[in-house]
4 protein chains.
Amino acid sequence: MYTPRPEDKFTFGMWTYSNPGRDPFGDTTRAVPNLEFHCRAAGKLAELGAYGVNLHDNDLVPITATPAERDQIVATYRKALNDAGLKVPMATTNMFSHAVFKDGAFTAADPTVRAYALRKAMEGIDLGMELDAKIYVFWGGREGTEVDAGKDLVESVKRYRDAFNFLIGYVKDQGYNIKFALEAKPNEPRGQIFLPTTGAMLGFIQTLDDPDFVGVNPEFAHEQMAGLSFPHAVAQALDAGKLFHIDLNDQAPGRYDQDLRFASVNYKDAFTLVKLLEDNGYSGSKHFDAHAYRTEDEEGVWQFCAGNMRNYLILKEKVAQFNADAEIQALVAELQADVDGVAGLMTYTPDNASALRARSFDIEALGAKGRKLELLDQLTGDLLLGVR
Amino acid sequence: MYTPRPEDKFTFGMWTYSNPGRDPFGDTTRAVPNLEFHCRAAGKLAELGAYGVNLHDNDLVPITATPAERDQIVATYRKALNDAGLKVPMATTNMFSHAVFKDGAFTAADPTVRAYALRKAMEGIDLGMELDAKIYVFWGGREGTEVDAGKDLVESVKRYRDAFNFLIGYVKDQGYNIKFALEAKPNEPRGQIFLPTTGAMLGFIQTLDDPDFVGVNPEFAHEQMAGLSFPHAVAQALDAGKLFHIDLNDQAPGRYDQDLRFASVNYKDAFTLVKLLEDNGYSGSKHFDAHAYRTEDEEGVWQFCAGNMRNYLILKEKVAQFNADAEIQALVAELQADVDGVAGLMTYTPDNASALRARSFDIEALGAKGRKLELLDQLTGDLLLGVR
Amino acid sequence: MYTPRPEDKFTFGMWTYSNPGRDPFGDTTRAVPNLEFHCRAAGKLAELGAYGVNLHDNDLVPITATPAERDQIVATYRKALNDAGLKVPMATTNMFSHAVFKDGAFTAADPTVRAYALRKAMEGIDLGMELDAKIYVFWGGREGTEVDAGKDLVESVKRYRDAFNFLIGYVKDQGYNIKFALEAKPNEPRGQIFLPTTGAMLGFIQTLDDPDFVGVNPEFAHEQMAGLSFPHAVAQALDAGKLFHIDLNDQAPGRYDQDLRFASVNYKDAFTLVKLLEDNGYSGSKHFDAHAYRTEDEEGVWQFCAGNMRNYLILKEKVAQFNADAEIQALVAELQADVDGVAGLMTYTPDNASALRARSFDIEALGAKGRKLELLDQLTGDLLLGVR
Amino acid sequence: MYTPRPEDKFTFGMWTYSNPGRDPFGDTTRAVPNLEFHCRAAGKLAELGAYGVNLHDNDLVPITATPAERDQIVATYRKALNDAGLKVPMATTNMFSHAVFKDGAFTAADPTVRAYALRKAMEGIDLGMELDAKIYVFWGGREGTEVDAGKDLVESVKRYRDAFNFLIGYVKDQGYNIKFALEAKPNEPRGQIFLPTTGAMLGFIQTLDDPDFVGVNPEFAHEQMAGLSFPHAVAQALDAGKLFHIDLNDQAPGRYDQDLRFASVNYKDAFTLVKLLEDNGYSGSKHFDAHAYRTEDEEGVWQFCAGNMRNYLILKEKVAQFNADAEIQALVAELQADVDGVAGLMTYTPDNASALRARSFDIEALGAKGRKLELLDQLTGDLLLGVR
């Protein structure tokens, strides 16, 4: 029942299962990945039930590779993917690792860095197309500041927009069948990152030349870091028709980016999230942007990979239980029942406005009515803990 | 030099200077305000140099007042304002204090509550127009959840939109000369509040029937609570042409809503914010949505009011110093200098794309170049601390 | 199986089930409690399976009561408790609600306030003894600052100590059979509260005249507010023999004090906590210092009370499962196995030091060994979610 | 006036000025340091006015060095220090970088790792003595968990204690003239780190065999990460006579460890801290445990070093101003004036207890009295911003 299959559309970034465990205070604890490892990993991920892998340009092709080396690497890896039956549904550009991006990429104050970032993004998109990616993600990890005095903050937003407008132009001109998905993060590695939340990205997208071309790629841990609700952010994206892709993982709020196994900390928010995706028919990839604890060896990495998918499927079954639970559904229905038959008044017309003005509301009685949310939450918790 | 004048457009909410000091763990420490106090306060605020006061409907008119009582109260207060020479540039609806709103107002699951909220908002807007308000703020303090299972999260966004579309219809139909400004907050008093950041509001606004009619009212403390940068949020709003109003105060991140005196904690962010407003010619009200420490008596409250305005003016002078400082400005200019003459390539044309592709970038050299941000930040700090 | 019984020692503060739902932004949503309600509640709590109630002096006796009124109230309530068969295992002093404490109680800068606080604490202890309390809790909700310049921070610690030394002297002199338990909180209602963590309290206790007399009362939400691990704090208290009492509830990190139903948010930390209490034979009260959502009526309050106890018992059963799970226990044992027989070297003797110096360690091999923590965590999660 | 001199006792960790700018998302931006660089840096730091450098064993001696290599390296560096006139007042052990410590050092579940950690600490102490260090710091960066099920949390505290007891035994046996200082951190690089606050360390120390031998090394950023007040933590340490060393830097709360230039973010807390150190006659090192922004080249690193020291001296002068400001001092004095002559009653004697019981307190009047903290804070802010 909890065995993943390709149709579940579970994907892993090339950088996730291969994370060597380096952190700001420690060296690697696992091998730094090479192409041979990635080719082998493709088979392993397929065996575990994954649908595909996603990649940054430099996960696959070193930033220093010649065109010939690049082509050779891509061909080798494509064969491994084909052999494994894995897709590359999403690709993205690494615009954060190299020192050239230390003060930004699309929003770097230095125009030469911005120019290079555009070029690198074009090449990254080309690579994505070559691998049949359908979604191209942008995470601007270095687009931000520690020293606000060093950048014009309004101008930085304009520069960010200019970059996307350029790349939309490029993609259209090339006739590429790909869409963009923007990923927000509040901080780390910069003190403050521009457009720090999924909501901010949704606002920004509407200022682009072609907003329809661009959606979001919300990440669980990134909203959680700021103590924001990931399900609420995803709900806004769904409402706006902008949930093009999603990054699943886990995280304790108010601290460094942990990228933990999905549903290993916040069971309840993970449940709400899966409910949202399933109830709203989300059909894109479920991408696990996480990595194994630094304490693990390779075997632990595969257990980590399996655990992400298993947890999604466990929660998916819990969602089905929740939706089929008569007592729970009765509580949910009661909460929104239109007892007074006023639902029809909520669209503006002069008549509806008059009707609302004329109406008498017993606000004391409405205020005294219990909402039974303690009970609903307890039943939900019982269900989650498997005692219902 | 630091004496406020009406043209500085400093305003205070009726609920700010009159805050009686109650908190979740303690009773009032100052008198609960009555109309007589507010009339006297108008004179006091004018004397201190304020431009106006802002109000929730129920700051002035009790929720239980009859129409006749309401009219009498409004007339009395309007006279006090006129005598003092104060404006009411902004008004808003209290949709959070009464128990009827305990599970939401515009997004309440109960349709009767939503209907009542719409009616109350119409009446609040009427009151605002009567007092010549130009901006109508919406802060949905109860629009959110502790128990996500109790609300359809996507449907909640739709309900939120329906309410604004209704009220836009109402205002247009009445021919009212007023604009809406939406105020975000991440949490408190709800576990999670819908549309929790200024960015989320900017995204939401674009889904309304008439987005041009609606902007944002960012609040310093509300972004700070989530550890987000208030200046960055305001920059996005300025870029989008949506900064219709602003709430100034201060706050330590990661905790309860403190509503401290502006620029009493985060001097540096306050400086960056004032720089943003002044450099971008923001001409709206500078509204202090804060309150005096609970330790203060009435004398302390007026010192608090004076302090907010004084701090803005101190920082405004620091901004002028910063902008006139040759060493600082040289650093800022150097950071964005177009050394390689590439600025013209950043708009998409096939030729520009080809030029970028053809160009050689020495990314090692670019990555090694120091950005002098430690120096710039130190000089800024010296300036802020008055030792430059 | 999940039905609470008195021997489970579940207790509720008088202020918890009777919380009327007021918050910084809203009025009450439930009735403000009176003595009649509390007497009735005693029966209800007993019926639900509780062991006792805890109280602040002013939960029962108004701060303005005359001695005669006080005695009448105490007698009435004691009868209700006796009728219900409930104990009062813990009592405490309210030194935060009245305006007199607005800038502190034991650490108030004003000596008159400090003197009054001591007097009130003596009277509160007398009341506790009258009700047979065995633990007297001190939560210094107002002991702190927003303006550090207003207090000598080192002197404030001394004043805090002076107060406890005074009260230890008082209790000993009276021959009272009671112990003190200090409760920490990082902030709210003060900007910063002195001795903000359970750890800080443990350090402070050792500076008192009679440290053995004083332990801690850690609260789940208070450590969580600062993003600290509650189980880790409790473990330190257990190690030090200082876990005299415990406050259970739940909370999202990095925000206002939520006091949610125990194990309604952080299932995993709640499980770890219950494991710690059960495995270490904690025999004191399990006190739920929480309150029902503001959305609830009285029925919802009793569901809330029942839910707290049920959740503890559900998790207690999960702990038994965890301890009996052979696969899990094998992983746990393997993690700490003394493969190299070095455990005996870890006490200092010159010989042991020499042996360690002489020994060869293959740190590369040790570093490469997987710890299987992904697997252990997944199995724990499966168990918690009821799918194991 | 702001020029640092050796008598100011400003020190820098070898790992601070030499930080190459690697972070979890990016490669180095500055050269990885070698011995030649450190020798040159000694001269540079002396020139800037520093008093000394502090070091982890492996900052100087690679973990793989042979004894002969070690001695050669130490001799070379010692000569450079002597030439520069720099001291090494503090040394410490790196028990976090190597993979062997991935699940802890003194608290590792694996006894072999604990044994190795003890050995490494003994050798590190030997190195410290060789360099005439007077303080030996312990920061247990890997002592913690992501998976609490993998460790016995109470046993972990015992293991931690066993390690310190061992090392105290070792140091005494060797006759070393050195004291220990324990450094707390709430999280990062572990999900939760044991003994996460300075307060927790103060509690722990009292459980050691010889508590007098051990104090704390509080770090600004580490308390700030959890939103705790660094000045309050330092005040508790000063009160307990345990402030053996201090780590100065800066940090935004609720996020990854930033290690920013001292007094570059939280001017006000930095001022309070300097006031605390100066007013209480702290005479130890003022160690800057920070690093330059990743955007900087070597020139920027030296500007960063100079900035840390300059900021301390700027704030030290502000403290002198504050202490000499008659209006401010009158406010401070008024806050704590013993108007009612009760200060003598605050030591327990039966007579004092009776006197307090007999006394009449006008708590309404006390509660209504304004504390003038808005004014005091405004004057302090004016002073900090240089406009007073």
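**Helix contacts and symmetry between chains**

In this predicted model, residues C:Ala115, C:Leu118, C:Arg119, C:Met122, C:Glu123 and C:Asp126 of helix α5(C) are in contact with D:Ala353, D:Leu356, D:Arg357 and D:Ala358 of helix α13(D). The axes of α5 (residues 111-130) of chain C and α13 (residues 350-358) of chain D come within 9 Å and cross at roughly 95°. Crossing angles of 65 to 115 degrees count as roughly perpendicular, and α5(C) and α13(D) are therefore roughly perpendicular to each other.

Helix α13 may also be examined in chain A. Within α13(A), residues A:Asn352, A:Ala353 and A:Leu356 are buried. These residues lie on the same side of α13(A), because they cover an arc of only 100° around its axis. On the face of α13(A) turned away from the buried side, the exposed residues A:Asp351 and A:Ala358 are found.

The relation between the chains comes next. Two copies of a chain are related by a rotation about an axis and a shift along it. For chain A and chain D, a rotation of 180° with 0.0 Å of shift along its axis superposes chain A on chain D, with an RMSD of 0.0 Å. The two copies are thus related as by a two-fold rotation axis. Of the interface residues of chain A, 100% are also interface residues in chain D, so the copies meet through the same surface.

Chain B is superposed on chain A by a rotation of 180° with 0.0 Å of shift along its axis, again with an RMSD of 0.0 Å. The residue of chain B that comes closest to this rotation axis is B:Gly203, at 1.7 Å (C-alpha). Here, 100% of the interface residues of chain B are also interface residues in chain A, so these copies likewise meet through the same surface.

Some features of the backbone remain. Most residues other than glycine have a negative phi, and most peptide bonds are trans. The peptide bond from A:Glu188 to A:Pro189 is cis, with omega near 10°, and A:Pro189 lies in the loop between β6 (179-183) and β7 (192-193) of chain A. In chain C, the bond from C:Glu188 to C:Pro189 is cis, with omega near 10°. A:Asp132, in the loop between α5 (111-130) and β4 (135-139) of chain A, has a positive phi near 65°. B:Ala263 has a positive phi near 60° and is buried, with a relative accessible area of 3%.

Note on methods:
Residues numbered from 1 in each chain as written. Chains lettered and ligands numbered in written order. Predicted model: local features only at pLDDT ≥ 70, side-chain atom pairs only at ≥ 80, totals over all residues. Heavy atoms only, no water. Axes fitted to C-alpha atoms, helices over the stretch in contact; angles between N-to-C directions. Helix = DSSP H or I, 4+ residues; strand = E, 2+ residues; numbered from the N terminus. Parallel < 35°, antiparallel > 145°, perpendicular 65-115°, else oblique. Contact = heavy atoms within 4.5 Å. Least-squares fit on C-alpha atoms with pLDDT ≥ 70 in both. Buried < 20%, exposed > 50% of the residue type's maximum accessible area, 1.4 Å probe, protein only. Arc of directions from axis to C-beta.
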